[in-house]
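Biologist: I have the sequence and the model open side by side. Can you take me through it?

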Amino acid sequence: MEELLERYYGYLFEEELLEEIRKIGVYRKIQQGEKLMDIGDLVQTMPLLLRGAIKVMREDDEGDELLLYFIERGDTCAMTFSCCMGGNKSEIRAVAETDAELLMIPVKYMESWMGKYKTWQRFILDSYHSRMMELMETVDSIAFMKMDERLLKHLHDKAKVTQDDVIYATHQDIAYDLHTSRVVVSRLLKKMEKDGKIELNRNHIKILNL
């Protein structure tokens, strides 16, 4: 934990803040597919990601999901911070995209650190900006891109956060992420394979020419 904290956050935070994080941060390890947070949960901690990737999702009134963005190591979830500061319940679902290691920071430290440490304030504001850009990209892809373009972009995004050109996900999992049907995903994946963009296998998808 010490090595990962220093590697991914040491250049961001001064030593005094790092020392506080070491003292109060709760180390947590989660497996791929495990929920870190669900919609309606009372937000009591904020994650600092040390290793792996987390996907953040929204849910409509009918229970269908839509992927908003990924959190990678060295990141945090700005939407979680917003809920922390307001004492609100979570409006997002966070699920481990890969096996992940995190430091969970109790919410009572969030506001005081904003005034105490300029590096923390900058980190949170930069996180807000990054997540906002990613949300805008998600909205743009829904509004302006065809489903086959969205699907290919989604596969590339997953490959980027997992650092692997092999995607271990079912067609139904991908359909959930993109808020569409498994039939549509399967049809488009077969077309992509025919076009030489991917290679379909029983339990995984390999992206070609990544």
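Biologist: Of the contacts in the chain with a separation of 6 or more, what share is between residues 24 or more positions apart?
Modeller: That share is 72%. Keep in mind that this is a predicted model.

Biologist: How many helices and strands are there in the chain?
Modeller: The chain has eight helices and 10 strands. Its radius of gyration is 18 Å, close to the 17 Å from the globule rule for 210 residues, so the chain is as compact as a globular protein of that length.

Biologist: What does the C-alpha trace span along its principal axes?
Modeller: About 55 × 35 × 25 Å.

Biologist: How far is Met 1 from Arg 202?
Modeller: Their C-alpha atoms are separated by 36 Å, and the two residues are 201 apart along the chain.

Biologist: On to helix α2. Which of its residues are buried?
Modeller: Helix α2 covers residues 15-24, and its buried residues are Leu 17, Leu 18, Glu 20, Ile 21, Arg 22 and Ile 24.

Biologist: What do those buried residues pack against?
Modeller: The buried residues of α2 pack against helices α1 (2-9), α4 (110-116) and α5, and against strands β1 (26-30), β3 (45-51) and β7 (100-106).

Biologist: You mention α5. What about Thr 119, buried or exposed?
Modeller: Thr 119 lies in helix α5. Its relative accessible area is 15%, so Thr 119 is buried. Apart from neighbours within four places in sequence, Thr 119 is in contact with Leu 12, Phe 13, Glu 14 and Leu 17. Leu 17 is also among the buried residues of α2.

Biologist: How many salt bridges does the count come to?
Modeller: The count is 21 salt bridges.

Biologist: Which residue pairs with Lys 55?
Modeller: Asp 177, in a salt bridge of 2.9 Å, N to O. This pair links distant parts of the chain, with Asp 177 in helix α7 (residues 171-178) and Lys 55 in strand β4 (residues 53-59), 122 residues apart. Both Asp 177 and Lys 55 are buried.

Biologist: What about Lys 35 and Asp 38?
Modeller: Their side chains meet in a salt bridge of 3.1 Å, N to O. Lys 35 is partly exposed because its relative accessibility is 44%. Asp 38 is at 19%, so Asp 38 counts as buried, the cut-off for buried being under 20%.

Biologist: Change of topic. Which residues make the nonpolar surface patch of about 290 Å²?
Modeller: Met 132, Met 133 and Met 136 make that patch. Met 133 is in helix α5, which covers residues 118-144. Its relative accessibility is 40%, so Met 133 counts as partly exposed.

Biologist: And Ser 90, where is that?
Modeller: Ser 90 is in the loop between α3 (78-86) and β6 (93-96). Ser 90 counts as buried because its relative accessibility is 4%. From Ser 90 to Met 114 is 24 residues in sequence and 21 Å in space, C-alpha to C-alpha.

Biologist: Last one. What does UniProt place at residues 145-210?
Modeller: The unreviewed UniProt entry places the feature "domain: HTH crp-type" there. In the model, residues 145-210 are 56% helix and 12% strand, and the end C-alpha atoms are 20 Å apart.

Technical notes. Residues are numbered from 1 along each chain as its sequence is written. This is a predicted model: local features need pLDDT of at least 70, side-chain atom pairs count only at pLDDT 80 or more; totals for chains, interfaces and linings use all residues. Side-chain values use heavy atoms; hydrogens and water are left out. Patches are made of residues with over 30% relative accessible area and no salt bridge: like charges are joined within 9 Å, nonpolar side chains (Val, Leu, Ile, Met, Phe, Trp, Tyr) within 5 Å. Accessible areas come from the Shrake-Rupley method with a 1.4 Å probe; for residues, only the protein chains shown count as cover. A salt bridge is a side-chain nitrogen of Lys or Arg within 4 Å of a carboxyl oxygen of Asp or Glu. Helices (H or I, at least four residues) and strands (E, at least two) are DSSP runs, numbered from the N terminus. Buried means under 20% relative accessible area, exposed over 50%, partly exposed in between (1.4 Å probe, protein chains only). UniProt positions are given in the numbering used here, feature names are shortened, and annotations may be inferred rather than shown by experiment. The radius of gyration is taken over C-alpha atoms; the globule rule is 2.2 Å times the number of residues to the power 0.38. Contact means heavy atoms within 4.5 Å.
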